Every structure is written in structure tokens, then in C-alpha cells.
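Welcome! Keep the structure open while you work through them.

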Amino acid sequence: MSLIEIPVSEIRTEAHYLLTDSRQLTFADKSLFFALRGEHHDGHRFLTDVYAQGGREFVVEKAALTPSLTAQLNAWTDATVWVVANSLRALQFVAAQHRQKFSIPVVGITGSNGKTIVKEWLAQFLANPDRVVASPKSYNSQIGVPLSVWNMNETHTVALFEAGLSRPHEMEHLQPIIAPTVGIFTNIGPAHDEGFRSRKQKITEKLRLFTKVKKLIYRKDFQEIDQEISLILRPVNPAMQLLAWSTQSHADIQVQWLSEDTRTLIQLSGSLGNHQFETSYRNEATLENLTHCLVFLLDHGLSPQIIQERLAKILPVSMRLQIKEGIHNCQVIDDTYNNDLQGLTIALNFLSQQENRGMRAVILSDVLQSGQPAEELYASIAALIHEKKMDILVGIGPEITRHRSLFTEVKSYFFSDTGHFLNQFSLPLLSNSVVLVKGARSFSFEKIVHRLQQKAHGTVLEINLDALTHNLNYYRNKVGANTRLMVMVKAFAYGSGSVEVARLLQFNRVDYLAVAYADEGVALRQSGIEVPIMVMNPSPSAFDVLWEYTLEPELFSKKILTEWIQYIHARSNAGHGPGVHLKIDTGMHRLGFPEAELPWLLQQLHEHPELRVNSVFSHLVGADEGEHTPFSRLQYERFIHSAHQIEQVLGYQTLKHILNSAGIVRFPEYRLDMVRIGIGLYGVEATRMEQRFLQTVGTLKTTISQIKHVKAGDTVGYGRRGQLFQEASIATLALGYADGYDRRFGNGVGLVSVNGVLCPTVGNICMDMTMIDVTHAPAEEGDEVIVFGREVPITELAARIKTIPYELLTGVSERVRRVFYKE
Ligand SMILES: *Cc1c(COP(=O)(O)O)cnc(C)c1O
């Protein structure tokens, strides 16, 4: 094979699927794999994997061709390999070529918020008679957009694609791929994103998506958007028709939102005629998203009657894929929002990461609106389910039932509708499995999830897995490609749930995990975690399990090091156990060899070469606070001095590491071979200098059990502490100090958010309950209450009771159910 670089225009492929992530491989022989290189990922490392699984078409980068890779590629005589300068550009080019084959209306959606909602709602409105192709979930990145556009086929009559930006110059690559004929600019948020000089620059960049649109829909009340359209976009696209709408000033379309008790009237007048629609939504952001949809639909020619009929049925978009503990020891992956082939593939891939249960089951509705002939569609689904090694399939709906004979490779059950399933299916058949519940909205699969879900008390800690990934990548980008990542998942992953978090980290290929005690490490291994694990506080009684589960002990004192050496000597295979980590005490005075014991340590290392030292490390005592910077520097100097002596005696290099989350931000120059991320992953930036770049991971929620009106002069709670000077509405929450809501939050110190309004506690916190004042909040019994999360930042709460966020996070008791979700 000739591995000569070609221009991307010479790529010719018959592949059905474009693939950029080897973990998502499904139909290998029909896929074209693009080896992409990012700052931390190099797809070229996975070429062999893909080939071994049957992949035969590859796009690789010239600069990545090492002699050994070249030799390997040359040996694959049955494969086609295209060598290009930049694989991402090749992917984008192939998608842009594909786009050129179609002349249907293509809607390009961008903006700070609401892209996904507008897209999903338009899809709901348009489906039938239109056949819609849309970006799956929020696939709107440099990679997501080409993958979305690749799904277009001859049966579609409208396409809806969203485009997002994380830095300047990205849109010029997305424009030719989407090549929208109609644009929707949803809005512009106040956030000044990393990578952009100003909000104006962000708007200008986003507008590049619209340089060739025939029509552009936007809300004129965003004055900066309006200005930039006249100044920048108009001159390059003079023929474009504007559909500007406004609730405040004169525009092509005047809009009024009239909210009454239970409904809102949306009135439009102007260039699209006079119309009035009615919805039960009231909140401004939702009305804005709806208005974008209405303007598009009226212009598209959908009749106002049909729009109103569908508007009544429009459902809130929850693209969350949630993981819940279920009955019969099953784990439920709730993806009941929609059901299409692309979404099913994503969900099945996600399910494959959940490896700890015995069996894999999927409950699946008919797939609506695929645009494919039914026979072909269900054949692909059967193949997918087989490929992803599902053990059980429950098919619900007339169509999937009609094609039951295609599902020969899996144990399967079929029902004509959800009601029959709930009445007739024996749920214990799903015992000990991970169950994906995936159905089109009209099948009401939330009833199935409800049935499967474990009953628990009304308090949950929701963990946003996307935010975790975001935060991980943030630190990854900071430390660069040459520094490894160890993630601290001690203390139940800072309260977030160790197994699920570890699984996500393993999927994201972190280099090391660390736990405090051996049994935490064992639990991870038993759930299929294979990443190297360091145990910070091993005890001799745990040495057997350390050895058995390949958990690597931290050795920090004369005593523990001597005991470990004795232990390994007692085994016949002394040199074959786990490697160890040496902790140096440079000033923390917690665990670690003090400087004075260094000569002893060096002597031991010299005498016991069978001790394999994987790393040497120390811990900064005050990286989060600027005042301790001189001491941190001193600690670093001491550490390097000791580490070098150790390496000299060992005769080989070990990993050296000293930075925790705060240290990564404050001392990038000390990143060495590895860093240890803890609290930052969970969304708290301990130096507070870069908090804005992290996303909130955990949201503690509870519910209102009762509301009562209490007269002035009465008291609330134990000890008559909650004195009321005015008449008040008091709500009782299903949360107390036994759930981890600290007693110090009592008597107005703690605040919770009720329907967006902050409400203070009243009186003492009880064991299982807390009373709050909801006089100024819209509140009803059964309403959800946010105890901490984005609205109530955990750092501020911690400050209110003079503690640190670490204590609040790890204090959420284990009886509080953890729910994991992905957007
Ligand atoms: C917990 C811990 C960390 C992580 O610290 P954060 O402040 O949470 O980033 C790093 N190193 C050691 C030794 C730890 O015990």
C-alpha cells in the first residue's frame, strides 16, 4: 500500500458509518474510521483495535506515521488507508460533500442557549408530513456536526442541525458542512466564554454560520445580535431575508406573551400575518424558544391549526440519560425521551460501559420517523442489539412486534403497547441486569421507569456526568499531554458515588485512581475497574487483598514499609505483586517519610530491589491559599531533592507528583509526571480563581412534605427556636441532619431554592426534616427544593457554616439516593 499524503478531496468511500471513537464501533466492516489527534487523544493508538474488530477503511495523518505504524499499516493488505494532513478536516470534507447531494431545507441553529430545545421541538412539530433528520442530542461540535450531517438520506424532507462553538474560527469549518438555507440564532448569553475576547466577537463568529442562508430568524431584542447582523452579516449576504421578532420594539414580527393563570397567549403580527397560539408554558426562556419555533413553522407553511394542535402536545425536552437503581437489583438507564437509530446506538454504547451487572437488557419501543423501510430498519436494530451483546430484548409496539422474527439472536418478549407490558411482563426476569429503557415519547415509557425504580425517600443527589467529563477535560487541558492524571475517588468519590464515577473516568482513560482504604479499591475492582489504583492508607491486614486485586499501596513510614517487605518475602513470587508509591512528608506532617528518615529509606530501597516503586510523591498543605505560596515552593524544593536521591538509588525513573486540584491552578510549573485531581473534578475550584471554568456536578434535591401558615408569635421546631415575628408560610422538607444537612444550617443560616426563590431555614434542623420559610416563594406541597447545586453554590453554603465544600460533599449520607445523568 502506498502511504502517500493525498488531498482530502480524493477520499472515496462507500462506508455507511463514519467513526471517530473506537469505543463506539458497531458495524466495523461498514465504517470509515478517522484517526483524530487532539491534545490528549490520539486516535492512531486505536487503529489496531479497530482493525482487529473488522474495520477496513481508515483515514490517518501523515505526521502520525511513525516507522512502526507505517510497517503495520503496510501489513494490512485488505484495508484501505487514506493519508491526509489533518483527519478532522477530512471528516468535515467528507460530510460537506455528502451535504451537497441534498436540496431540502436545512435549518442551522446556533446561539448560547436553547439550541437543542428549539431543534427537538421543531422536530416534534414537523414530523409528519415532513420527514426530519436532526443532530442527535447536542451533537454540535467540530466532530458532532459532520457525524450528524452524515445521517441525511434521500427520504428526508427537512434537516435540523445545531452548531456550537468553543473557540474562534470554528464556525468557518461548520458552515460548509451544514450549509443551512434557514438560520435560527436563539440568543446570546451573558457569559464571556474562554477563548473569546468579547461577547461581540462571539456573536460575529456565530454569524458565520449564516453567510449563505436565505432566511434568518432571530430575536431583535438582543441588540448586539441585531447590530452585528446589519454591520457584519448583511454586507456578505445581501439577499438574505430577515425574520426578526421582538416583544419590545418594532420588528418584522411583533410578539406579545400574555400570561394568565394557567396559560400563556402568544400573539404574532407583522410579516407572517396575525396569529394567536396558546400554551401552558410561562417561563420567559421557554417562550423565547417556542417563539423561534412558531416563526419558523409559519414561514415554513405549516397551518396555524396544526401548529396549535401540536403545541398543546409539545413536551419538555429532557435529553438526560439517567442511571437509577432499580428493583430486583437491576440498574435502569432511563432514556425515555425519544427513539431513533442514532440515539439507540449512543444509549447502547453507554450501556456497554456499565459492566457490573450480570445481564444486559433493553426495553425498546417502535422507532418512529426513521425514513427507512421498516424491514431494513428493524434488521439494523436487530444487528445492533446483537453486536452490543444484549441478553434480553423487550419490544413494545405494533411495528417492532411485527418484525419479531428478525430478533433471533437475543431472548426476546413483545407487547403491543406499554399497558400490556406493565400488566403481563414478569419483572423478576430482569433481575441483576442493566436495563436500558428507550422509547418514543408517545409510548409513555416513563411509566416503565417508574415501575422499575426503587422506591426511596424524596431526597436525591443528582450527579451530572457530562459536567464531570467537562471538569476532567478542563484539568487535562491545563496540564497538557505529557502529564498523567490521577483522580482521587476516595470517600465515595467525594460523596458522588465511586463506582459510577470511576467507570466514567476509566472510559475517559485517566491514568490512575486513588482511594483511602483497601476495601474502596476492592469495590472498584469488583465492578470492573481496571485502571491502576493507589491505596493511600493500607494496613497489614489488607495486604492480601491488595495483592489479589493489584491495588498499589502507598508506603509512608518505616513501619509500613518494613511490613510490606516482610509480606512480599513471605510470598513465593515476591517481585510480581503490585508496585508501590512512596510518600514524602515535606511539611504536611500527616503521612510520609520525614526528611530525617530519608537515609534509612534509601538504604532499604538499595537492599530491596524487588520493591517496585511506581511513584514518589508529596502533598502541598496550602495550595488553595495565596498566602502559603512561599511554603508551597519550599515543599516543592524539598520534594524534588528527596525524589532525585530516591531515583538515584533505584536506578530508574519513577512518576513524581505533588499537585492537587488547587496546585494545578496555582503552580502549573510543578505539574511533573502526574497530578492528583480531587475536588476540582467535582466542580469546586479551591483557589476560587478559575471557578467560572468548572461546571457544577452535584445537585442535592429534596421535596416539600407539608406547608402550613403560622401566626406571628408562634414558634417552629424543637426548643421553640424558630420564632416568628410575622405571619409566615412554613414548609417542611424531607431532609435532615441524618441526610447530611448540617445542624449548623438551622435558624436561617442555610438557604434553599424553591422554584427559583431562595428561602431560609426556620428553627433547628431535625434528624430527618427541616423547616423553611416559603412566604415569598411560589411553593406547593410536593414541589422540588434545591439544597445545593448551581442555584445554591456549595462553596457559599460551606462559608455560611465556616467549613469547606469538601465536608458538605462527603457528608451527604449514603441513604440519599444518587442519580447519574448525561445531557
Ligand atoms: C485528597 C487528596 C488529593 C486531592 O486534593 P484536592 O484538594 O481534592 O484536589 C491529592 N493528594 C492527596 C494525597 C490527597 O489525599
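**Exercise 1.** Which residues does Asn764 touch, not counting residues up to four places away in sequence?

*Solution.* A word on the model comes before the steps. This is a predicted model, in which local features need pLDDT of at least 70 and side-chain atom pairs count only at pLDDT 80 or more, while totals for chains, interfaces and linings use all residues. Residues are numbered from 1 along each chain as its sequence is written, and side-chain values use heavy atoms, with hydrogens and water left out.

Step 1. Find Asn764 in the loop between strand 34 (757–760) and strand 35 (770–773). Helices (H or I, at least four residues) and strands (E, at least two) are DSSP runs, numbered from the N terminus.

Step 2. List the contacts, meaning heavy atoms within 4.5 Å. Leaving out residues up to four places away in sequence, Asn764 touches Tyr718, Arg721, Arg743 and Asn747.

Step 3. Look at Asn747 again: its side chain and that of Asn764 are joined by a polar contact of 3.0 Å. A polar contact is a pair of N or O atoms within 3.5 Å; within protein, one must be able to donate a hydrogen and the other to accept it, and residues adjacent in sequence count only if both atoms are side-chain atoms.

Step 4. Asn764 counts as buried because its relative accessibility is 13%. The cut-offs are under 20% relative accessible area for buried, over 50% for exposed, and partly exposed in between (1.4 Å probe, protein chains only).

**Exercise 2.** Which residues does the UniProt annotation "active site" cover, and where are they placed?

*Solution.* Step 1. The UniProt record, an unreviewed entry, gives Lys490 and Tyr718 under "active site". UniProt positions are given in the numbering used here, feature names are shortened, and annotations may be inferred rather than shown by experiment.

Step 1. Lys490 is in helix 17 (residues 490–494), whereas Tyr718 sits in the loop between strand 30 (715–716) and strand 31 (722–723).

Step 2. Now compare their surroundings. Lys490 counts as partly exposed at 24% relative accessibility, and beyond four places in sequence it touches Ala514, Val515, Ala516, Glu520 and Met536.

**Exercise 3.** Which residues are around the ligand?

*Solution.* Step 1. The list is Met488, Lys490, Tyr494, Met536, Arg590, His619, Asn660, Ser661, Arg676, Gly678, Ile679 and Tyr806.

Step 1. Sort this shell by type: 5 nonpolar, 4 polar and 3 charged. Here Ala, Val, Leu, Ile, Met, Phe, Trp, Tyr, Cys and Pro count as nonpolar, Asp, Glu, Lys and Arg as charged, and the others, Gly among them, as polar.

Step 2. Check the N and O atoms. A ligand nitrogen is 2.8 Å from an N or O atom in the side chain of Arg676, and a ligand nitrogen is 3.5 Å from an N or O atom in the side chain of His619. At Gly678, a backbone N or O atom is 3.1 Å from a ligand oxygen.

Step 3. Of the 390 Å² of accessible area that the ligand has on its own, the protein covers 94%. Accessible areas come from the Shrake-Rupley method with a 1.4 Å probe; for residues, only the protein chains shown count as cover.

**Exercise 4.** What is the phi of Lys389, and what is the phi of Leu672?

*Solution.* Step 1. Start with the background: most residues other than glycine have a negative phi, and most peptide bonds are trans.

Step 1. Lys389 has a positive phi near 55 degrees. Its place is the loop between helix 12 (374–387) and strand 17 (392–396), and it counts as exposed at 61% relative accessibility.

Step 2. Leu672 also has a positive phi, about 55 degrees. This residue lies in the loop between helix 24 (661–666) and strand 28 (674–677), and counts as partly exposed at 21%.

Step 3. For a peptide bond to look at, go to Asn128 and Pro129, which are joined by a cis bond with omega about 5 degrees. Pro129 is in the loop between helix 4 (115–126) and strand 6 (132–134).

Note on methods: Near = heavy atom within 4 Å.
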